[in-house]
Amino acid sequence: MKDDRGAKYINVDTGTLHGLDKAIQLGLGSFNGVELISTPYIYNATRLFSKDQKGRIFLMMRHPIERAISTYYERASDPKTEADTGGLGIEEYAKSEYAENNWVTRFLSNSLSGELTPQHEAVAREFLKKKCLIGLLSEKGQSMERFQSYFGWSGESDKIDDCRERQLFLNWAGKNTHSRVEAGSLTYSLFEDHNVFDLRLYEYAKELFEAQSYFFEHQDSN
């Protein structure tokens, strides 16, 4: 299918398990021209690929508390997802079971429910280290340059440069404006309590981001 800008896409929603199952049934991973598949369900998505048609993983990491706060405001402002916040203000939400809980650790360790342990954290760290090209939202310009270099995404023109500038720095997908929650406040601390594993994982991801710079510096020198 094509959108009104002429961009081609396949009409499946890989952001849900149902949609991902449909994509697997359609053989999405083997379609010619498919360069990017976005999904949080990494383990399920492996069924899209085969020994002859392999996938490579990259991800953009955001500070867990910034992500959790932004997620709250995004859901609270949308009638379709407002119920996910329990109709609560942000402080009450942060005290409740609705609050985001170690989202990245859960998906990378394939443990979407139940109590997390240091073993889950170890699995997530190992997954990041061995399977992922790391991007950081706080370094999104450099991260995008790495993605383009690694995957061979090419194309240079004023139109492409303008699109990249707008998408990365001005009007990116999912952008929402909201009140700032100050570090050290009760609300911020409550979100920290919910995301202890993700906070440590994020610090580890920053170390990997720095370590992976060697690959690109070495590549540029050749």
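Predicted model: local features only at pLDDT ≥ 70, side-chain atom pairs only at ≥ 80, totals over all residues.
Biologist: OK, strand S2: buried or exposed?
Modeller: Five of the five residues of S2 (132-136) are buried, so the strand is largely enclosed by the rest of the structure. Buried means under 20% relative accessible area, exposed over 50%, and partly exposed in between, with a 1.4 Å probe and protein chains only. Strands are DSSP E runs of at least two residues and helices are H or I runs of at least four, numbered from the N terminus.

Biologist: Which way do the S2 residues point?
Modeller: Cys132, Ile134 and Leu136 go one way, Leu133 and Gly135 the other, and all are buried. In a regular strand the side chains alternate between the two faces of the sheet.

Biologist: And which strand does S2 pair with?
Modeller: S1 (residues 57-61), in the parallel sense over five bridges; pairing takes at least two DSSP bridges between the strands. Phe58 has Leu133 as its bridge partner in S2.

Biologist: Switching to Leu201, where is that?
Modeller: Leu201 sits in helix H10 (residues 196-221) and is buried, at a relative accessible area of 1%.

Biologist: What does Leu201 touch?
Modeller: Leaving out residues up to four places away in sequence, Leu201 touches Met61, Val104, Thr105, Leu108, Ala124, Arg125 and Leu128. Contact means heavy atoms within 4.5 Å.

Biologist: How about Thr14, buried or exposed?
Modeller: Thr14 is buried, with a relative accessible area of 9%. Thr14 is in the segment before helix H1 (17-26), and its contacts beyond four places in sequence include Leu20, Ile37, Pro40 and Tyr41.

Biologist: Last topic: what lines the largest cavity?
Modeller: Pro40, Tyr41, Ile42, Tyr43, Asn44, Phe107, Asn110 and Leu112. Helix H2 (residues 42-45) gives the most, with three residues.

Biologist: How much space lies in that largest cavity?
Modeller: About 30 Å³.

Terms used: Residues numbered from 1 in each chain as written. Heavy atoms only, no water. 1 Å grid on protein atoms, 1.4 Å probe; cavity = no way out; pocket = protein on both sides within 12 Å on 5 of 7 lines; lining within 4 Å. Points joined across faces, edges and corners; volume = space filled by probe spheres on them.
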